[in-house]
Amino acid sequence: MVQSIETTFEIWASSLREVKARISGLFPQERVAISAGLFLEGLLRDEHRKTGWMRAEAAGDPGPWRQQAILGRAKWDADALRDIVREYALETLADNEAVLVIDETGFIKQGNTSCGVARQVDGSTGKIANCQIGVFAAYASRHGHAFVDRALYLPRAWTDDPARLARTQVPAGKTFATKSRLALDMIARTVAADVPLSWVATDRIYASVDIEMTLRGRCKGYVLAVNANHHFASRNRFFPLGGTAEDIAGNLDPSLWRSLPQGEALQGSESWAYCPFTDLDVAEYDKTRSGLWTPGLLIRRDANHALCYFSTWSPAGTEIETLVAVQQCCRIIEEGLRTAKNELGLDHNETRSWHGWHRHVSMVMLAFAMVSTVRHKASHESPGAVGRLMGTSRRFERLLRTPRKPKPGSLGAVAALPRQDHSSECRRKPFPPVEKQ
């Protein structure tokens with residue numbers, strides 16, 4: 001037992017050594033690389049606030065200057081760190097049936113000088129606030145989840161003011177990009193990096209025709225939240241010439257509504273309906289491919305009978321349980337963003353520049369990926385050893401624990417959704433059961 005506890009502690013220690021070694025090449029001087037490693041350690045410590053002074057105190061520095069230099073004065077490429085984070089996370093989390101989720105969160109600010117700050121809708125609360133908006137791409141599989149890309153949204157008030165961009169060190173040539181455009185760029189980078197995945201899920205802010213056509217051409221399934229007035233041009237039995245999501249939902253046969261067997265990811269009061277449209281040959285979007293795929297409309301109804309709509313694209317024969325499981329990954333990532341803020345200091349960035357924001361967020365992404373990796377590896381240790389370990393460290397207790405009953409929206413809950421076995425390769429389902437070792 002003692003040996004198992006020591007082994008599990010070593011997973012944490014060796015993972016920390018490994019990620020420090022991976023990022024050391026980003027920095028021109030060894031002392032800067034050491035400071036970056038201490039910065040990472042500061043994010044992983046128990047302190048609730050991850051300010052420069054607190055990180056400096058944990059690192060044994062007399063002041064926060066070295067910590068601040070990592071985000072501001074030092075010369076290194078935050079995008080290179082982003083790529084390192086993605087590669088590191090995929091070594092543990094990669095799965096062909098994974099889901100890429102695009103979501104956003106707000107970073108509340110007091111003034112108006114931090115890059116991108118404006119009066120806008122805070123993605124984490126849904127309320128208008130003085131904040132920055134960060135758009136994130138997260139990778140979710142049966143092994144865990146991690147953030148693999150990020151971008152700071154710049155409102156038009158910023159992109160139309162060259163002096164303001166220059167003061168916050170925004171790279172030359174940056175122009176206004178919608179959130180859908182940022183999402184599409186992230187999807188393109190992820191696919192170009194040969195990241196294994198089968199599905200993409202987004203909130204309705206990011207749904208666009210460009211994203212749909214791109215994913216169809218690449219044979220990637222999707223579940224994209226859309227507005228009630230979203231028009232579906234595909235033929236269906238309710239509207240031969242197409243119709244809006246609201247119109248189609250209003251004409252659904254009541255027998256199509258289903259309360260799915262209550263996996264832990266599903267709210268008990270929710271019911272779902274799925275309206276598949278006419279199958280299409282994927283060759284219409286990419287002549288090098290073939291096979292039937294189905295566009296459709298997935299609808300969620302809550303206890304108050306309020307409806308949410310999702311545009312879907314999936315291999316012919318895909319069942320509603322699979323589409324619901326993909327959509328539930330959005331809840332997993334929402335929880336991941338909250339965890340990154342509460343435990344890893346995602347929203348504790350004290351810099352005002354473009355580079356400072358991307359560097360800070362990328363370091364937090366690395367810390368999150370490391371925690372996900374350690375959690376996955378620790379889960380293969382004996383239950384007693386992991387339990388003893390959690391009892392000795394609040395950090396492990398909060399970040400590595402595996403609850404007996406998965407909470408709604410957790411990956412374990414998504415994996416609990418019922419699925420039927422299909423031998424056809426095209427009828428893919430995310431997160432097949434992990435094989436026992």
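This is a predicted model: local features need pLDDT of at least 70, side-chain atom pairs count only at pLDDT 80 or more; totals for chains, interfaces and linings use all residues.
Let's start with the cysteines: the structure holds 0 disulfides.

| Residue | Relative accessible area | Class |
|---|---|---|
| Glu 87 | 47% | partly exposed |

**The pocket beside Cys 330**

Cys 330 also turns up in the second largest pocket, where 28 residues form the lining. Together with Asp 103, Asp 203, Arg 300 and Glu 334, Cys 330 lies nearest the centre of this pocket. Which elements give two or more residues to the lining? They are β1 (99-108), β6 (221-226), β12 (307-315) and α11 (320-344). Of these, α11 gives the most, with 7 residues. The volume of the second largest pocket is about 690 Å³.

**The chain as a whole**

Stepping back, the chain has 437 residues, and 54% of them count as buried. Its secondary structure consists of 15 helices and 12 strands. If you take the contacts between residues at least 6 apart in sequence, 65% join residues at least 24 apart. The accessible surface comes to about 20,200 Å², with 49% of it belonging to carbon and sulfur atoms.

Helix α2 covers residues 30-44. Its 15 residues should span 21 Å at 1.5 Å a residue, and this agrees with its end C-alpha atoms, which are 21 Å apart. Is α2 enclosed or open? It is largely enclosed by the rest of the structure, because 11 of its 15 residues are buried. Among them are Val 32, Phe 39, Leu 40, Leu 43 and Leu 44, and also Ser 35 and Glu 41.

Helix α5 (residues 78-93) is where you will find Glu 87. With a relative accessibility of 47%, Glu 87 counts as partly exposed, because that class runs between the 20% limit for buried and the 50% limit for exposed. Glu 87 and Val 195 are 108 residues apart in sequence, yet their C-alpha atoms are 8.9 Å apart in space.

Definitions and conventions
Residues are numbered from 1 along each chain as its sequence is written. Side-chain values use heavy atoms; hydrogens and water are left out. Helices (H or I, at least four residues) and strands (E, at least two) are DSSP runs, numbered from the N terminus. Buried means under 20% relative accessible area, exposed over 50%, partly exposed in between (1.4 Å probe, protein chains only). Contact means heavy atoms within 4.5 Å. Accessible areas come from the Shrake-Rupley method with a 1.4 Å probe; for residues, only the protein chains shown count as cover. The expected span of a helix is 1.5 Å times one less than its number of residues. A disulfide is a pair of cysteine sulfur atoms within 2.5 Å. On a 1 Å grid over the protein atoms alone, a cavity is a set of points where a 1.4 Å probe fits but cannot get out, and a pocket is an open set with protein on both sides within 12 Å along at least five of seven lines; lining residues have an atom within 4 Å of a point. Grid points are joined across faces, edges and corners, and a volume is the space filled by probe spheres set on the points.
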